[in-house]
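Please open the model in your viewer and keep the selection panel at hand.

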Amino acid sequence: MAEILKGAPVAAALSEELIARAEKLKQAGTVPTLAILRLGERPDDISYETGAMKRCDKIGIAVKHFLLPENCTKERLLDTIREINADGSIHGCLMFRPLPDKDMEAAACALLAPEKDVDCMTSGSLASVFTGKGAGYPPCTAQACIELLDHYGVSLTGRRVAVIGRSLVIGKPVAMMLQQRNATVTMCHTRTVDMPGVCRGAEIIIAAAGKAGVVDRTFAAPGQVLVDVGINVDENGKLCGDVKFDEVEPVAAAITPVPGGVGAVTTAVLAKHVIEAAEKAQK
């Protein structure tokens, strides 16, 4: 049976470290603060916001809310971002996406100050992920994959890794982050020929396709580590990942569950980015 790589111990270890760093900041006169910018009342946004607030409260990060109606104007949204940029007491901003209008979202992402972009919304943050230089932070979910592997002692140097999915939210950034850790990365996507065969040749699989159960037994090989980033709802209304857990778990050496895997680490990574931003601002 595979080792189950649960996210809760990873998040707990990160939180313990961050509590100490937050206290040190406060003693020096800085209260680490996150701005949450949300348009409308989407249930998935509110659910993530609730989890983020609990994590921030536990660590000692203050939260300021900027809640706008779903039909707010582009100018009102941009004015709100200007307010966040100008507020020296705010160190990080989490803006929920997608926004109702693509042009509005592009303008908002372009305007946000990269040094406050704690979830890789801006071009500057993406550039820093790909170059290793500049302000901004990698996507929280992409970094959560790395944090989880590190916590469980999974070495990346020289390892063959298959990343399934090529989005700018997870696939491409995590592939670059893995390469920076000296892994040999193959990116798989809808046009990949013989994806199961490619994945069987990997030692680690990062499944970020966004499609329930796309990774089945034919993708798996003995000794593999599988990180399932997918959050989907199956035909029975239950949360599930991109990996068919029951088929793959008996073959793999280690696997993350859904729920309870990568997702449990994401809010801790968000908090880590806010603490890092506050530390940089203090210096």
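Select Leu94 first, together with its partners: leaving aside residues up to four places away in sequence, Leu94 touches Leu34, Ala35, Ile36, Leu37, Tyr48, Val118, Asp119, Met121 and Leu270, where contact means heavy atoms within 4.5 Å. This is a predicted model, in which local features need pLDDT of at least 70 and side-chain atom pairs count only at pLDDT 80 or more, while totals for chains, interfaces and linings use all residues. Residues are numbered from 1 along each chain as its sequence is written, and side-chain values use heavy atoms, with hydrogens and water left out.

Leu94 lies in strand β4; helices (H or I, at least four residues) and strands (E, at least two) are DSSP runs, numbered from the N terminus. Is Leu94 buried or exposed? Leu94 counts as buried because its relative accessibility is 2%, and the cut-offs, found with a 1.4 Å probe on protein chains only, are under 20% for buried, over 50% for exposed and in between for partly exposed.

Next, select helix α1 (residues 8-27) and α2, which pack at an angle of about 50° with their axes 8 Å apart. Axes are lines fitted to C-alpha atoms, for helices over the stretch in contact, and angles run from 0 to 180 degrees between N-to-C directions. The two helices, α1 and α2, are therefore oblique to each other, since angles under 35 degrees count as roughly parallel, over 145 as roughly antiparallel, 65 to 115 as roughly perpendicular and the rest as oblique. To see the contact, show Ala11, Ser15, Leu18, Ile19 and Ala22 of α1 with Arg55, Lys58 and Ile59 of α2.

Now turn to the largest pocket, which holds about 1500 Å³ of space. On a 1 Å grid over the protein atoms alone, with a 1.4 Å probe, a pocket is an open set of points with protein on both sides within 12 Å along at least five of seven lines, and lining residues have an atom within 4 Å of a point. Grid points are joined across faces, edges and corners, and a volume is the space filled by probe spheres set on the points. Of the 48 lining residues, select Tyr48, Asp119, Thr141, Val169 and Thr266, which lie nearest the centre of the largest pocket. The largest share of this lining, 5 residues, comes from α2.

Finally, visit the second largest pocket, with a volume of about 300 Å³, where Ser128, Pro138, Gln143, Met177 and Gln180 lie nearest the centre among 17 lining residues.
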